[in-house]
Amino acid sequence: MSYQQEKQVAIEAALAAAKICEQVRSERVTQAMEKSDKSPVTVADYGSQAVICRLLAQGFPNDPVVGEEDAADLVEPTMANQLAQVTSYVQSVTNDATPEAVVSWINLGNGEIGPRYWTLDPIDGTKGFLRNDQYAVALALVEQGEVKVGVLACPALPVNLAQPDGERGVLFVAVRGQGATMVPISGGEPESIQVTDADNTAELRFVESVESGHGDHSRQDLVAKAVGITADSLRMDSQAKYGAVASGQAALYLRLPSSKYPNYREKIWDHAAGTIVVEEAGGLVTDMHGKPLNFSIGSKLVENQGVVVSNGVIHETVLAALRDTAN
Ligand SMILES: Nc1ncnc2c1ncn2[C@@H]1O[C@H](COP(=O)(O)OS(=O)(=O)O)[C@@H](OP(=O)(O)O)[C@H]1O
Ligand SMILES: [Mg+2]
Ligand SMILES: [Mg+2]
Ligand SMILES: [Mg+2]
């Protein structure tokens with residue numbers, strides 16, 4: 001299958017959502033609300049999910065969407081202002097948004113995993129979004145447990161990480177068997193991307209989360225050093241980290257369980273789009289024990305622990321270093 005239509009709809013949806021997110025950030029409407037797990041959510045997360053679910057439902061009415069957010073909190077009477085804000089942002093990209101429609105579009109993301117489903121993180125890295133750092137709109141199509149299409153819109157990512165003050169806003173796209181591309185969000189011809197094939201680890205760089213509670217910085221550091229990576233890590237929020245590996249700007253992304261939350265299980269929407277972008281760029285993605293991520297069980301990767309994303313060449317060495325640093 002060429003997945004041409006899936007790819008086009010996913011790109012259109014992610015770009016519309018990214019526009020909402022950047023608008024919210026530029027207008028400084030970024031006060032966070034707190035979810036029941038104490039994590040933050042903003043009007044941009046809701047607006048992004050609404051517009052993407054709406055466009056997916058138009059293109060693929062039979063496909064379930066497993067999204068991060070739902071509208072249960074947003075329909076509370078105390079949240080009327082926030083719902084009105086979300087509606088007006090969604091209205092700026094579709095012209096038939098009403099509060100009721102927006103709630104129903106957000107709730108389209110309450111789908112269940114099936115033989116074919118989409119998984120959506122309307123803003124991955126909400127903490128980064130709030131800090132004015134990196135975030136990503138992440139959308140992926142999964143069939144029979146295999147990611148087939150992945151789109152990552154990273155509106156704040158420098159097109160060239162070596163030029164942090166240069167142009168920002170990158171769209172990564174991958175289709176199984178067709179390679180991975182990146183293109184500035186402002187437009188242009190998509191260019192094919194590949195992971196770095198450098199085996200001189202001294203020149204390589206690794207990426208990790210900003211938040212200490214989302215990983216284990218000290219063990220990640222130990223493992224990277226054991227592999228021979230001497231440069232300081234680049235800390236970056238969201239699946240933009242997958243984009244950095246896929247485009248050869250980093251050789252490794254390590255996400256080891258935080259000692260604060262040893263039983264945390266990763267969510268499918270935090271990894272599906274990034275995984276295919278890296279794999280199609282020639283890299284490898286496994287958990288910390290070397291097992292492939294299993295996207296066919298549920299919204300959590302219950303069979304996996306931690307995530308290791310690499311250029312492939314150094315993957316086995318990284319897994320060996322992880323075994324050696326096991327306590
Ligand atoms: N304890 C723990 N361990 C691992 N991961 C966790 C944990 N808690 C939350 N999350 C998820 O982390 C997602 C953001 O990951 P990032 O790599 O962007 O983290 S960071 O913002 O740089 O800290 C974040 O995604 P969003 O909620 O979409 O922002 C969460 O799903
Ligand atoms: Mg979240
Ligand atoms: Mg996320
Ligand atoms: Mg999110």
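Asp121 counts as buried, with 0% relative accessibility, and Asp124 counts as buried at 8%. Buried means under 20% relative accessible area, taken with a 1.4 Å probe and protein chains only.

This is a predicted model, in which local features need pLDDT of at least 70 and side-chain atom pairs count only at pLDDT 80 or more, while totals for chains, interfaces and linings use all residues. Residues are numbered from 1 along each chain as its sequence is written, chains are lettered from A and ligands numbered from 1 in the order in which they are written, and side-chain values use heavy atoms, with hydrogens and water left out.

## Magnesium site

Asp121 (OD), Asp124 (OD) and Asp270 (OD) coordinate the magnesium ion (ligand 3) at 1.9 to 2.1 Å. Donors are N, O and S atoms within 2.8 Å of the metal (3.2 Å for Na, K and Ca); water is not among the atoms, so sites may look incomplete.

The donor residues of ligand 3 follow the spacing D-x2-D-x145-D in sequence. The magnesium ion (ligand 2) lies 5.3 Å from ligand 3.

An oxygen atom of ligand 1 is 2.5 Å from an N or O atom in the side chain of Lys241. The protein buries 90% of the 640 Å² that ligand 1 exposes when taken alone, with areas from the Shrake-Rupley method and a 1.4 Å probe.

Note on methods: Polar contact = N/O pair within 3.5 Å; in protein donor to acceptor, adjacent residues only side chain to side chain. Buried < 20%, exposed > 50% of the residue type's maximum accessible area, 1.4 Å probe, protein only.
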